[in-house]
Amino acid sequence: MAADLLIRAAQDADSRDIWRWRNDATTRAMSVHSTEISWDAHAAWFAQAVAAGDRRFYVGELGGAKIGLCRFDLAHDGASAEVSINLNPDRRGQGVGASLLAGCIARFRQEFPVGLTATIRPDNPASQRIFARCGFVLVDNDGRDGFGHYRL
Ligand SMILES: CC(C)(COP(=O)(O)OP(=O)(O)OC[C@H]1O[C@@H](n2cnc3c(N)ncnc32)[C@H](O)[C@@H]1OP(=O)(O)O)[C@@H](O)C(=O)NCCC(=O)NCCS
């Protein structure tokens with residue numbers, strides 16, 4: 001991991017950046033839910049989501065600049081969590097995604113030592129690669145929803 005990568009819990013003050021990254025065209029193309037989200041809808045959702053007991057959001061910073069977000073949604077039984085990652089569009093293609101993902105997983109598992117799942121489009125090789133580097137394996141690719149389902 002990049003030695004100077006800071007992983008911290010996301011706060012309300014990050015909401016606008018997270019909204020901007022979420023509405024980026026590439027992010028939407030790679031997401032399960034690809035519609036654009038209004039600021040008002042996002043702000044209301046994020047304020048409650050960041051305070052919820054069954055979700056965690058972590059922001060990575062390099063040199064004081066935000067490089068991206070990882071999100072963990074605990075399953076109803078608390079036995080696993082779904083992880084997703086979204087880099088600041090300015091920081092994609094620079095090799096920082098794997099470090100951010102690994103750092104956020106380590107941080108999340110300090111609090112929740114549970115299995116992780118991930119859902120990745122077959123046409124997202126960069127994402128497949130960084131999840132594989134963190135140890136995720138493909139468990140279901142039968143095409144029901146067009147996504148690959150991974151586990152760690
Ligand atoms: C997906 C994402 C997190 C990847 O992070 P990144 O730092 O941009 O990834 P990189 O450019 O370092 O690429 C990761 C690896 O994939 C490889 N890769 C990238 N594009 C590739 C391609 N088209 N074909 C094959 N391999 C590719 C890179 O060579 C790199 O390999 P390495 O680890 O051996 O060096 C980031 O681009 C992102 O946030 N994208 C938008 C949102 C998204 O897709 N999130 C994931 C949803 S499941």
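**Before you start**

The model is predicted: local features need pLDDT of at least 70, side-chain atom pairs count only at pLDDT 80 or more, and totals for chains, interfaces and linings use all residues. Residues are numbered from 1 along each chain as its sequence is written.

**Stop 1: the sheet**

Show the strands. Helices (H or I, at least four residues) and strands (E, at least two) are DSSP runs, numbered from the N terminus. Seven strands form an open sheet. Their order is β1-β2-β3-β4-β5-β7-β6, and the pairing is mixed. Two strands pair if DSSP finds at least two bridges between them. Strands of a sheet pair through backbone hydrogen bonds, either parallel or antiparallel.

Which strands stand at the edges? Select β1 (5-9) and β6 (137-140). Each has a single partner strand, so one side of each is left without a neighbour in the sheet. On average, neighbouring strands of this sheet are turned by 30 degrees against each other, direction ignored. Axes are lines fitted to C-alpha atoms, for helices over the stretch in contact, and angles run from 0 to 180 degrees between N-to-C directions.

**Stop 2: along the strands**

Find Asp 140; opposite stands His 149 in β7.

Now select β3 (residues 65-74) with β4. This pair is antiparallel too, over seven bridges. Arg 71 stands opposite Ser 84 in β4. β3 and β4 form a hairpin with five residues between them. Click Gly 78 in the turn: its phi is positive, about 70 degrees.

Ala 81 has Leu 116 in β5 as its bridge partner. Follow the chain from β4 through α4 to β5: this β-α-β crossover is right-handed. (With the strands pointing away from the viewer, the path from the first strand over the helix to the second runs clockwise.)

**Stop 3: two helix pairs**

Select α4 and α5. Their axes come within 9 Å and cross at roughly 45 degrees. The two are therefore oblique to each other. (Angles under 35 degrees count as roughly parallel, over 145 as roughly antiparallel, 65 to 115 as roughly perpendicular and the rest as oblique.)

Then pick α1 (residues 15-22) and α3 (residues 39-49). Here the axes come within 10 Å and cross at roughly 125 degrees. That makes α1 oblique to α3.

**Stop 4: the ligand**

How many residues surround the ligand? There are 22; the closest are Met 30, Leu 87, Gly 97, Pro 125 and Arg 129. (A residue is near if its C-beta atom, placed from the backbone, lies within 6 Å.) Colour α2 (25-30), β4 (80-87), α4 (97-111) and α5 (125-133): these elements give two or more residues to the shell. Which element gives the most? α5 does, with six residues.
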